[in-house]
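Hi everyone, thanks for coming. Please have a look at the sequence and the structure, and then I'll walk you through a few parts of it.

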Number of protein chains: 2
Amino acid sequence: MKYPNGKSFTPNSFQSGKPVSYGNRGMDLEQKINLTNTYYLEQDKAVIYKKPTPIKISEVDYKSKGKIITKAFFECPSTTDYNGIYKGKYIDFEAKETTSKTSFPLHNIHEHQIEHMMKICAHGGICFLIVQFTTLDKIFLLPAEQLKKFLTLEKRSSIPLSFFTEFAHPILEGYHPRLDYLKIVDKIYGGDNDE
Amino acid sequence: MKYPNGKSFTPNSFQSGKPVSYGNRGMDLEQKINLTNTYYLEQDKAVIYKKPTPIKISEVDYKSKGKIITKAFFECPSTTDYNGIYKGKYIDFEAKETTSKTSFPLHNIHEHQIEHMMKICAHGGICFLIVQFTTLDKIFLLPAEQLKKFLTLEKRSSIPLSFFTEFAHPILEGYHPRLDYLKIVDKIYGGDNDE
């Protein structure tokens with residue numbers, strides 16, 4: 001359904017508190033990724049879903065048909081937004097947008113989300129961050145291992161664009177699929193991932 | 001938080017429409033599995049979470065602090081409740097309770113959840129069903145492959161207990177962990193799962 005501003009509900013826009021910035025293609029990152037995951041599912045290439053937004057339910061109207069929730073709160077997610085299976089491997093990632101032209105502010109990711117990503121790496125999963133620099137119309141896939149490296153070496157509160165151009169992988173937009181991030185996954189993890 | 005009946009919120013109780021039946025240990029299956037997953041996480045044995053309940057948000061009060069959801073509806077889940085990573089492999093399962101003493105009614109699982117489980121198998125993931133016969137105080141792990149076999153061969157709308165005793169694996173309750181289902185996973189998938 002639509003909101004007064006005509007924009008469909010996107011949890012991220014609620015959680016960040018600021019409106020989602022749109023790329024010049026009029027679609028936000030989450031919509032692009034959801035379209036892509038649907039494509040992967042239809043092509044039987046991978047089974048990857050976005051997790052529902054974590055919500056704390058406080059009041060439910062049992063009398064009405066279909067049980068209406070009358071009071072609930074957005075909860076802070078303890079994991080990443082997307083996970084699933086690709087070539088038998090566990091795949092897990094978070095997607096974020098920034099309007100900054102120079103860097104990605106780390107406050108966009110919750111600390112326990114980063115902890116979760118590090119755990120996934122340690123357990124042999126494929127884990128990464130998809131970051132869209134909306135104003136620059138650039139999208140990158142940053143492997144969690146590179147994110148870890150940055151967090152270990154740097155004390156900065158944001159990852160400069162230069163770090164992305166050097167250690168992340170650009171994802172070019174297409175139509176089918178919209179955002180073929182698994183092509184990058186094959187490139188990075190291909191070796192131990194082709195089973 | 002508690003409800004008038006003193007029971008904490010459990011999505012399943014809402015979705016099934018009937019109250020959750022408790023085992024003689026005063027804890028429902030979901031609580032047992034969540035405790036177990038927390039234990040696995042603390043022991044760094046696996047990273048497995050229950051997905052948030054899918055909810056369709058209809059109205060949000062932006063004025064109030066923390067953005068209160070004032071109208072929302074429970075949605076039908078398109079995947080299983082639990083997934084994560086174990087020994088580098090994708091693991092995915094659904095957990096259900098029944099008060100029946102003789103069989104597990106299949107209407108407890110949505111058709112697209114079953115389709116999802118079949119896809120996970122096809123993609124090389126570890127996928128199963130955990131079923132608690134609450135009245136009998138028995139808990140079984142039924143591999144998705146066995147569920148598939150039943151659905152292919154049988155036209156019945158419920159899986160008889162005898163099928164569980166023959167093709168599923170009993171999970172004994174303990175304390176730490178409460179429900180050591182990964183022990184069964186090792187037994188069943190151990191061969192191609194030890195990496």
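Let's start in chain B, where helix H3 (residues 111-122) packs against helix H4 (residues 144-153) at an angle of about 125°, their axes being 10 Å apart. Helices here are DSSP runs of H or I with at least four residues, strands are E runs of at least two, and both are numbered from the N terminus. Axes are lines fitted to C-alpha atoms, for helices over the stretch in contact, and angles run from 0 to 180 degrees between N-to-C directions. H3(B) and H4(B) are therefore oblique to each other, a class left over once under 35 degrees is called roughly parallel, over 145 roughly antiparallel and 65 to 115 roughly perpendicular.

Which residues make the contact, meaning heavy atoms within 4.5 Å? From H3(B) they are Ile114(B), Met117(B), Met118(B) and Cys121(B), and from H4(B) Ala144(B), Glu145(B), Leu147(B), Lys148(B) and Leu151(B).

A quick word on the source: this is a predicted model, where local features need pLDDT of at least 70 and side-chain atom pairs pLDDT 80 or more, while totals for chains, interfaces and linings use all residues. Residues are numbered from 1 along each chain as its sequence is written, chains are lettered from A in the order written, and side-chain values use heavy atoms, without hydrogens and water.

Over to chain A, which has six helices and ten strands. Of its 195 residues, 52% count as buried, that is, under 20% relative accessible area with a 1.4 Å probe, protein chains only; exposed is over 50% and partly exposed in between.

Finally, Lys119(A) sits in helix H3 of chain A. Lys119(A) is partly exposed, at 27% relative accessible area. Beyond neighbours within four places in sequence, Lys119(A) touches Leu41(B) and Val47(B).

Methods: Contact = heavy atoms within 4.5 Å.
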